[in-house]
Amino acid sequence: MAALLLALWGNALLLSLRAAGIAGQDTSRFLRTMLAAQVILVTGAGVLLALSVESPPVWLCLYGSSLLIPTLLAVIWSPPKVAADAEGRTATRKLGLRLAPTMVANMVMLRADRLLLPVLSSPEQLGLYVVVAAVTELIAWPVQAFVDGRVPLWRVSIDMGTLSVGKILGFAAAFTGLGSAVVALSLAALLIPVFGEEYSPARQLVWPLAAAGGLYAFSRVGLAMAVAGNRSRLAASIDISGMMVAAAAYIVLIPEHGATGAALGSLLGYGIAALASAAVVWRMAWSQAVVEGSSSDAS
C-alpha cells in the first residue's frame, strides 16, 4: 500500500509538471524530471538484482520512490506560480475534473505492469522488465513533447476548421515506426554489453516493448487533439479502452509468462489505445468536414 501511494503521488506530481510545462510552453523541467526518474529506477533495479533482493514490497517501493523523489524535488526547488484570474482558474479546474478519468486510466495503463509483476510473478522478472521498459519509453518522449507544444495551435486550427488530420497522422505513424525500430535495434545490441549476461532473458522483451512504446506514442496524438478540441469524453475513451485491455491482459498473462506476459499485455493495451486514438482523430475530422459542408450549404 505504501508503494502504491508513492507511485500515485509521484504520477500526480509528474502530471502537474507536465501541465505546467504545456501552459508555460517550457517542458524542460518535466523532461529532466522524467529522465531522473528513469535513471533512479534502472540504477535501483540493478542494485537490488546484484544484492539478490526478492522482497516485492522493496521492489514496489523502489518504483514508487523513483517517481516521487525527483518530482517532489523539482516542485520544491521551483514551485509553480499562478498568475491567472479567478475565472481562468475556475475554467481550468472544470476541464481538469473532466479529464481526471483520462489521467487515472493513463496511470493504470502505464504502471500496472510494474506493480503486478512482483506480486503475480517474481521480483527478478520485474528487474528484467523495467530495464527494457525504461528504455523503450523514450520512444514516446519526443512525440509527447511535440503534441504538448502543438495543443494551442491545434485549438486554433480546430476552431477555424483547418486542422490537417491526414498529414499529422502520417507524420506520427512514420516517426513512431522509425523510432521503435531504432530503439529496438540499439537496445538489442547494447543490452548484454551494458548490463551483463544476467540480462540475456530480457532480450525477448525488446521488440514487443519497443512496438508497444511506438503504439503508445502514436496514441498521444489523438489524445492531444481531443484535449485541444475540448472533447474530454473522446480523450477519456483512448486511455480507458487501453487501460481495460492492458489490465486484463496483465492479470491473465503475467502469472504464467512473467515479464513476457507483461510485455504482451502492454502491446495489446497500447495497441487498442492507438486504434482508439486514430478513431478519435478521424471522428473529429469528420465533424469538421460536416461543419464546413453545412456552412457552405448555408452560404
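Is F146 buried, partly exposed or exposed? At 35% relative accessibility, F146 counts as partly exposed, where buried means under 20% relative accessible area, exposed over 50%, and partly exposed in between, with a 1.4 Å probe and protein chains only.

Before I continue, a word on the basis of these values. The model is predicted, so local features need pLDDT of at least 70 and side-chain atom pairs count only at pLDDT 80 or more, while totals for chains, interfaces and linings use all residues. Residues are numbered from 1 along each chain as its sequence is written, and side-chain values use heavy atoms, with hydrogens and water left out.

Let me turn to the aromatic residues. The structure holds 5 aromatic pairs. Rings of Phe, Tyr and Trp (its six-membered ring) pair if their centres lie within 6.5 Å; planes under 30 degrees apart count as stacked, over 60 as edge-to-face, and the rest as tilted. The ring centres of F146 and F171 are 5.6 Å apart and their planes stand at 50°, so this pair is tilted. It links distant parts of the chain, with F146 in helix α6 (residues 140-160) and F171 in helix α7 (residues 165-195), 25 residues apart. Helices here are DSSP runs (H or I, at least four residues), numbered from the N terminus. F171 is partly exposed, with a relative accessible area of 48%. A second tilted pair joins F195 and Y199, whose ring centres are 5.4 Å apart with planes at 50°. Within that pair, F195 is partly exposed at 25%, whereas Y199 is buried at 5%.

The largest nonpolar core has 80 residues, of which Y129, W154, L205, V221 and M225 touch the most other members. Such a core is a set of buried Ala, Val, Leu, Ile, Met, Phe, Trp, Tyr and Cys residues joined through side-chain atoms within 4.5 Å. Helix α8 (residues 206-228) gives the most to this core, with 13 residues. Leaving aside neighbours within four places in sequence, L205 is in contact (heavy atoms within 4.5 Å) with L128, Y129, V132, A259, T260 and A263.

Which element gives the most to the lining of the largest cavity? The answer is α2, with 4 residues. On a 1 Å grid over the protein atoms alone, a cavity is a set of points where a 1.4 Å probe fits but cannot get out, and lining residues have an atom within 4 Å of a point. The largest cavity holds about 50 Å³ of space. Its lining divides into 5 nonpolar, 2 polar and 3 charged residues; among the lining residues are M34, Y63, R111 and E137.

Finally, I come to the backbone. Most residues other than glycine have a negative phi. S52, in the loop between α2 and α3, has a positive phi near 60°, and S52 is exposed at 55% relative accessibility. N230 also has a positive phi, of about 60°, although it is not a glycine. N230 lies in the loop between α8 and α9 and is partly exposed at 40%. In helix α9 (residues 232-257) we find S232, which is buried at 12%. Not counting residues up to four places away in sequence, S232 touches R98, L99 and T102.

Key. Helices (H or I, at least four residues) and strands (E, at least two) are DSSP runs, numbered from the N terminus. On a 1 Å grid over the protein atoms alone, a cavity is a set of points where a 1.4 Å probe fits but cannot get out, and a pocket is an open set with protein on both sides within 12 Å along at least five of seven lines; lining residues have an atom within 4 Å of a point. Grid points are joined across faces, edges and corners, and a volume is the space filled by probe spheres set on the points. Ala, Val, Leu, Ile, Met, Phe, Trp, Tyr, Cys and Pro count as nonpolar, Asp, Glu, Lys and Arg as charged, and the others, Gly among them, as polar.
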